[in-house]
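Thanks for making the time this morning.

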Amino acid sequence: MCGIVGYLGDNPVYPVLIKGLARLEYRGYDSAGISVIENGKLELYKCKGKVADLERHVNGKLQSGFVGIGHTRWATHGPPNDVNAHPHASDSGKLHIIHNGIIENYATLKEELINRGHVLKSDTDTEILIHLIEDIQMRERVDLLEAVRMALNGVIGAYAIVIIDADHPDTLIAAKKSSPLVIGIGEGHNEFYLASDATPLVEYTKNVVYLEDEEIAVVNRKTGLSIRNIKNQEKTPYIQELEIQLEVLEKGGYDHFMLKEINEQPASIRDCLRGRLQLQKGSVTLGGIKDYEQKLVHAKRIIFVACGTSYYAGLVGEYLFEDLARIPVEVEYASEFRYRNPIIGENDIVIAISQSGETADTLAAIELAKAKGATIIGICNVVGSSIARLTDAGSYTHAGPEIGVASTKAFTAQVTVLTLMALGIAHRKGSISDSKFHRSLVELDSIPEKVNQVLEVNAQIRDIANIYKDADNALYLGRGFTYPVALEGALKLKEISYIHAEGYPAAEMKHGPIALIDEEMPVFVIATKGASYEKVVSNIQEVKARKGKVIAIINYGDTVVKELADHTIEIPETDDCLVPLLSVVPLQLLSYYVAVMRGCNVDQPRNLAKSVTVE
Ligand code: M6R
């Protein structure tokens, strides 16, 4: 969480920073701030609230600077207020810092600094770091780069930082560990953009360097970019080409990114299948994991690690891999896995799923599994992200940038990759017949078009949202492949509309949650045709017997559930194992409309951030 941005070049810095912060606002929006060198002086503006509040605060006063840094915050240490907003200044006021991450040993460092006479203004861990750097600079009589290096050697935790120095307006210093930092190299190699991800850079340059852990970069107007690590070894910058297009970062006529992203799913699933599902040849090829195919075919166990929506995609993966490929699967919350001393060894395959590729808990789970010798495969959306780089192999989901904090198209793309993987392995392994494999490929190929058909029920879903928008609670039920979809439906409603919602396996309802059902309780049931259809119909009857309101997702032409339910949403039929890709879409739309009708900030829900880079 937190977005950081920096610029050094020949263009006015303020518009670059503000635009960059707006692009990074999905990472946190508790406060925003910038520091710019104007006429040899460091000018600092920061305030509680969003980037728009910062713009009002600056009120056109920054005009002439060409170097600066900016920050949008998701609060960890200290409440969201003006003082805790970044940038933070050193004692002399000549150094300012922006930071994404957590300095874990900040309490010890703080005590030492206070004992040495430093006066700290904020509650943040970040302020400690800039005081420490200046303290070292003074005591050891070293230059800023060396002071940063020495300070970082004494820091425990995660950081992506950029430091600006009033005495050296031609230079910015940046460093990273466990939080992302990308450097864009502008034309002529004397213009540099620094940011938490590539979205603020795309309109200026395609040439980027992803900083590695414990590396420190110096960008200088005359000498260019140089990198060394905290052990003081020089590194050669590896310049990569960005593939993101600017249009995908705009709302494209939609009211919210979330709605745009829901509607992009036919295209994003198609992009995810492209070149991988070969109908003519009757094959599945996932280039990124080709070298690990045999290992997967012979795997005795696969463990998925992920958080949030990606965890639910992992649960769908469990059903897919066990049903099709007959490989035992465990799905773990990364945050639990990393601290519970898991039994894991060289024969295990760990599949980490993450949209952002930056989730701190998932990264830590990977590191743990790696240390124990497991093979690590990644399923990530953000190209070049930390998880993508840390894994042994992996498949990108190719969903394109997901800006809305609530994950939608990333989920369906993750499930699409998992389906391709499970089908491909199952076929190679012989655990499904040739004919089932080919039938499934044909069906999978038709999913983008079927998602299009699901999106056509938009108006009907809006009407249902209007009826239930004031509910205090909601229950989501699914069975088999749709149980994880029920969990995901409940999470979507919770996170953007703040209605308490729970997902349950439909048959578990009678073991407790049924006590909650009364005429006020909306129960969303995924009741599509398939292995558990009759059982789910019985569960619906149990809800109706207690006067609960049933909103059922059914297949076209189902008259049985239509009779029973208060409202039905009809979607096309598909294979059991592909139902998650269709049935989740109406639930996404429903959450979206409920949130809009309740006046919630759909794209930036309270207390949340898109990529959770702290544990
Ligand atoms: O980037 P990741 O997929 O690793 O993120 C995991 C979760 O933080 C994320 O899915 C979160 O739950 C979303 N807000 C869900 O909509």
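This is a predicted model: local features need pLDDT of at least 70, side-chain atom pairs count only at pLDDT 80 or more; totals for chains, interfaces and linings use all residues.

Let me start in the loop between helix 4, residues 125–140, and helix 5, residues 144–153, which is where Arg141 lies. The phi angle of Arg141 is near 50°, which is a positive value in a residue other than glycine.

The other backbone feature that I want to point out is a cis peptide bond, which joins His86 and Pro87 with an omega of about -5°. Pro87 is found in the loop that runs between strand 4, residues 67–73, and strand 5, residues 88–89.

Now to the ligand. Which residues come nearest to it? There are 14 residues around the ligand, and those that come nearest are Ser310, Ser354, Ser356, Thr359 and Glu495. Sorted by class, this shell has eight polar, four nonpolar and two charged residues. Two helices, helix 9 (308–325) and helix 17 (483–497), each supply at least two residues of the shell, and the largest share, three residues, comes from helix 9.

If we look at individual atoms, an N or O atom in the side chain of Ser354 is 2.6 Å from an oxygen atom of the ligand. On its own the ligand has 410 Å² of accessible area, and the protein covers 91% of that.

Where does the ligand sit? The answer is the second largest pocket, and that leads me to the largest pocket, which holds about 940 Å³ of space. The lining of this largest pocket is made up of 42 residues, and those nearest its centre are Ile244, Asn381, Val383, Gly400 and Pro401. Strand 11 (207–210), strand 15 (240–241) and helix 7 (265–273) are the elements that give two or more residues to that lining, with helix 7 giving the most, namely three residues. By class, the lining of the largest pocket has 17 nonpolar, 13 polar and twelve charged residues.

That is what I wanted to show you, and I am glad to go back to any part of it.

Technical notes. Residues are numbered from 1 along each chain as its sequence is written. Side-chain values use heavy atoms; hydrogens and water are left out. A residue is near a molecule or strand if one of its heavy atoms lies within 4 Å of it. A polar contact is a pair of N or O atoms within 3.5 Å; within protein, one must be able to donate a hydrogen and the other to accept it, and residues adjacent in sequence count only if both atoms are side-chain atoms. Accessible areas come from the Shrake-Rupley method with a 1.4 Å probe; for residues, only the protein chains shown count as cover. On a 1 Å grid over the protein atoms alone, a cavity is a set of points where a 1.4 Å probe fits but cannot get out, and a pocket is an open set with protein on both sides within 12 Å along at least five of seven lines; lining residues have an atom within 4 Å of a point. A molecule sits in a cavity or pocket if more than half of its atoms lie within 2 Å of its grid points. Helices (H or I, at least four residues) and strands (E, at least two) are DSSP runs, numbered from the N terminus. Ala, Val, Leu, Ile, Met, Phe, Trp, Tyr, Cys and Pro count as nonpolar, Asp, Glu, Lys and Arg as charged, and the others, Gly among them, as polar. Grid points are joined across faces, edges and corners, and a volume is the space filled by probe spheres set on the points.
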